[in-house]
Amino acid sequence: MAFFGLFKKAPLPPADLSVVRVDMHSHFIPGIDDGAKNTGESLEMLEEMYELGYRKVITTPHIMSDGYKNTPEIINKGLEKLRKAVKEAGINIEVDAAAEYYFDYDFEKSIAKKDKLTFGNNYLLWEMSFMNKPDNINQVIFEMLTQGYKPILAHVERYPFWHNDYSVYEDLASRGTLLQLNINSIAGQYGGPTKKAAEWLIDHDMISFLGTDCHHMGHLETLQKALIEPSMHKLLASGKLLNNTL
Ligand SMILES: [Fe+2]
């Protein structure tokens, strides 16, 4: 056994997230979704984000008609309060906000209103049900593009209905939605099939944005496990990530 031990690869050093610089998927505005419960929790997480190398976060509260009925007004009010608290606490991180839009009937019907919270180059972060695959995904991507948005599908690797057919990822990308990956999928937080899908997407250079999708401190603790994974190093070296353009 000692013989095989000689060939065991040395563990990789933790990947350096300062090259990502900007996180574009998280839930730091307190009390408006399933993320931070209070300002203290938000500040604790933002302090840790700074320690990890991030210098800007674009936080993305859920907007879903059956759950978190957030509006641009609610989110912007929360952002203003959070920015003030961050400044008072002396944390040197820029905080901005957009939203994570849940693909439901109301979302689809309201795309033409052009009232969506976006970031960067008119990027719109959207997600869908993990349980039931909507049958009009292509239509909704087309509608977003028609209205001038650049859609980014949140945590593309986490949808179980695509785990047996990775060719769908290529189809989605060809239809014009960019793809975002959660760091903790690489850590195995969401299970083996999700980790495998994440690795496939990285191997095929399909990921444009990397997100923490941080809701609580536990997510940032788990993230440490992802940093030593070969796929994490590969993704950061791919030159494909657009986070630092934000
Ligand atoms: Fe999220």
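I began at Val57, which stands opposite Val95 in strand β4; I take strands as DSSP runs (E, at least two residues) and helices as runs of H or I of at least four residues, both numbered from the N terminus. This is a predicted model, in which local features need pLDDT of at least 70 and side-chain atom pairs count only at pLDDT 80 or more, while totals for chains, interfaces and linings use all residues. The numbering starts from 1 along each chain as its sequence is written.

**Entry: the sheet with β4**

Asp96 in β4 is the bridge partner of Ile58. The open sheet here has three strands in the order β1-β2-β4, with parallel pairing, and its edge strands are β1 (22-23) and β4 (94-97), each of which pairs on one side only.

I then asked which residues of β4 lie on its covered face and which on its uncovered one. Val95 and Ala97 make up the covered face, whereas Glu94 and Asp96 make up the uncovered one. In a regular strand the side chains alternate between the two faces of the sheet.

**Entry: the other sheet**

I found six strands in a second open sheet, in the order β3-β5-β6-β7-β8-β9, again with parallel pairing. β3 (62-63) and β9 stand at its edges with a single partner strand each, so one side of each is left without a neighbour in the sheet.

I looked at the β7 end of this pairing, where two bridges join β7 (residues 150-153) to β8 (residues 178-182), which run parallel, and where Leu153 has Leu179 in β8 as its bridge partner. Between these strands the chain passes through helix α6 (residues 167-174), and this β-α-β crossover is right-handed, meaning that with the strands pointing away from the viewer the path from the first strand over the helix to the second runs clockwise.

On to β9 (residues 209-211), I noted three bridges joining β8 to this strand, with the two running parallel. Leu181 has Leu210 in β9 as its bridge partner, and Asn182 has Gly211.

**Entry: core and surface**

I asked which residues touch the most other members of the largest nonpolar core. They are Leu124, Leu125 and Leu201, in a core of 56 residues; such a core is a set of buried Ala, Val, Leu, Ile, Met, Phe, Trp, Tyr and Cys residues joined through C-beta atoms within 7 Å. Leaving aside neighbours within four places in sequence, Leu201 is in contact (C-beta atoms, placed from the backbone, within 7 Å) with residues including Tyr169, Leu179, Leu181 and Ile207.

For Asn132, I located the residue in the loop between β6 (123-127) and α5 (137-146). Asn132 is exposed, with 8 other C-beta atoms within 10 Å; a residue is exposed at 12 or fewer such atoms, buried at 20 or more, and partly exposed in between, with C-beta atoms placed from the backbone. Asn132 and Met24 are 108 residues apart in sequence and 25 Å apart in space, C-alpha to C-alpha.

**Entry: the whole chain**

I recorded ten helices and nine strands in the chain, and 37% of its 246 residues count as buried. Among contacts between residues at least 6 apart in sequence, 78% join residues at least 24 apart.

How values were computed:
Pairing = 2+ DSSP bridges. Contact = placed C-beta atoms within 7 Å.
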